[in-house]
Amino acid sequence: MTKKELEEIIKLAVEGDKKALEIVISDIQDFVFNLSLRMLGTIADAQDATQDILIKVITHLSSFHYASQFNTWVYRIATHYLIDYKKSMFAKYPLDFDYYANDIRAGYIEDHEEIRMGMSQEELAKELKLSCTNVMLQCLDGQTRCVFILGTMFQIDSRMAAEILDMTPENYRQKLSRARKKMAKFLSENCGLSETGCCDCQKRVCYAIESHRLDPKNLEYQKLPRLEQSLLEDYMDSMMVFEDKMPVFEELPKYQCPSVVKAFIQDIMNSTHMKKMKQY
């Protein structure tokens, strides 16, 4: 849609046009989910936060006054909500790089097929990689994590990112540079995917299962439907290269918003309380 077409759709949605509201929500729900997943580190927490954020967008849609781009306005709602999100697992049990590095070095037990429940090490290691890379991001504080994700994984330019996060472009670039250096240092020392770190995903599989971080019968990340590349181009292009450690993040897929979230939002939009919600 052109900017003018989008503005017309938003106006119709504010006036109560259900179809227009569905178009607005369907246009943003995937990138809201991916941002939530990277910010919070687990699929379950990302689903809950995505529902909350989409409801905020729906109920505050009338406050969008076209002074900025709609995507920027949505990003502002999402990032401010996610930075202060207190209900996630990692908000209750915070991580830092030292703790995670020690866990990586200690987290090995002998491989046993019965522990893997018949699944191959390769398949389980793939799931562990997808989970671990999101967990790794939780070692950064909320704002730094958001800066890193917007700049490195979503490839948002510094002017727009600064507007989203209420800081100057110069301050944003400084924070992004520091975040990249922290992440690159950790990867180079600890992550085997960087080709210099000590960790090996396949060797950590049984430890991850025994510590309930990986369930061979429920490979959550591999169940998530992935976005087609053509859909990604609107919001997230290929990731930016930083130093020589970017391959760890380059292969991370982007996902469609889970059907449970879509069904929840659909129920909200069909609710008789929608008009009342728009008053707040």
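Predicted model: local features only at pLDDT ≥ 70, side-chain atom pairs only at ≥ 80, totals over all residues.
Contact here means heavy atoms within 4.5 Å. I had that in mind when I went to leucine 150, which touches Leu35, Tyr75, Thr79, Gln155, Ile156, Ile164, Leu165 and Tyr172, leaving out residues up to four places away in sequence.

**Entry: the whole chain**

I looked up the secondary structure and got 17 helices and zero strands. Buried residues come to 50% of the 280 residues in the protein chain. I also checked contacts between residues at least 6 apart in sequence, and 76% of these join residues at least 24 apart.

**Entry: helix H9**

Helix H9 covers residues 142-153, twelve in number. From first C-alpha to last I get 15 Å, close to the 16 Å expected at 1.5 Å a residue.

How many of the twelve residues of H9 are buried? Eleven are, so the helix is largely enclosed by the rest of the structure.

At the N-terminal end, aspartate 141 is the cap, with a side-chain oxygen 3.2 Å from the backbone nitrogen of glutamine 143. After H9 comes glutamine 155, and its phi is positive, near 55°.

**Entry: helix H12**

Helix H12 (residues 201-210) is mostly covered, with seven of its ten residues buried. I noted these as Cys201, Arg204, Val205, Cys206, Tyr207, Ala208 and Ile209. What covers the buried residues of H12? The cover includes helix H6 (97-106), helix H7 (113-116) and helix H8 (121-137).

Aspartate 200 caps the N-terminal end of H12, where a side-chain oxygen lies 3.0 Å from the backbone nitrogen of glutamine 202. Histidine 212 follows H12, and its phi is positive, near 60°.

I followed up the H8 side through glutamine 121, which is in helix H8. The C-alpha atoms of glutamine 121 and valine 205 are separated by 6.9 Å, though the two residues are 84 residues apart along the chain. Setting aside neighbours within four places in sequence, glutamine 121 is in contact with Asp111, Arg116, Gln202 and Val205.

**Entry: salt bridges**

Arginine 116 pairs with aspartate 111, the closest N and O atoms being 2.8 Å apart. Buried or exposed, or in between? Arginine 116 is buried at 12% relative accessibility, while aspartate 111 is partly exposed at 31%.

The search of the whole structure gives eight salt bridges. One of them joins aspartate 166 to arginine 76, with the closest N and O atoms 2.7 Å apart. That pair links distant parts of the chain, 90 residues apart. Aspartate 166 is in the loop between helix H10 (158-165) and helix H11 (169-190), and arginine 76 is in helix H4 (residues 70-83). Arginine 76 is partly exposed, with a relative accessible area of 28%.

Glutamate 163 and arginine 159 form a salt bridge at 4.0 Å, N to O. Both lie in helix H10, four residues apart, about one turn of the helix. Glutamate 163 is partly exposed, at 32% relative accessible area.

I also found a network of salt bridges that links Asp103, Arg204 and Arg213.

**Entry: cysteines**

Cysteine 146 is buried at 0% relative accessible area, and cysteine 206 counts as buried at 2%.

Key. Residues numbered from 1 in each chain as written. Heavy atoms only, no water. Buried < 20%, exposed > 50% of the residue type's maximum accessible area, 1.4 Å probe, protein only. Helix = DSSP H or I, 4+ residues; strand = E, 2+ residues; numbered from the N terminus. Expected span 1.5 Å × (residues − 1). Polar contact = N/O pair within 3.5 Å; in protein donor to acceptor, adjacent residues only side chain to side chain. Salt bridge = Lys/Arg side-chain N within 4 Å of Asp/Glu carboxyl O.
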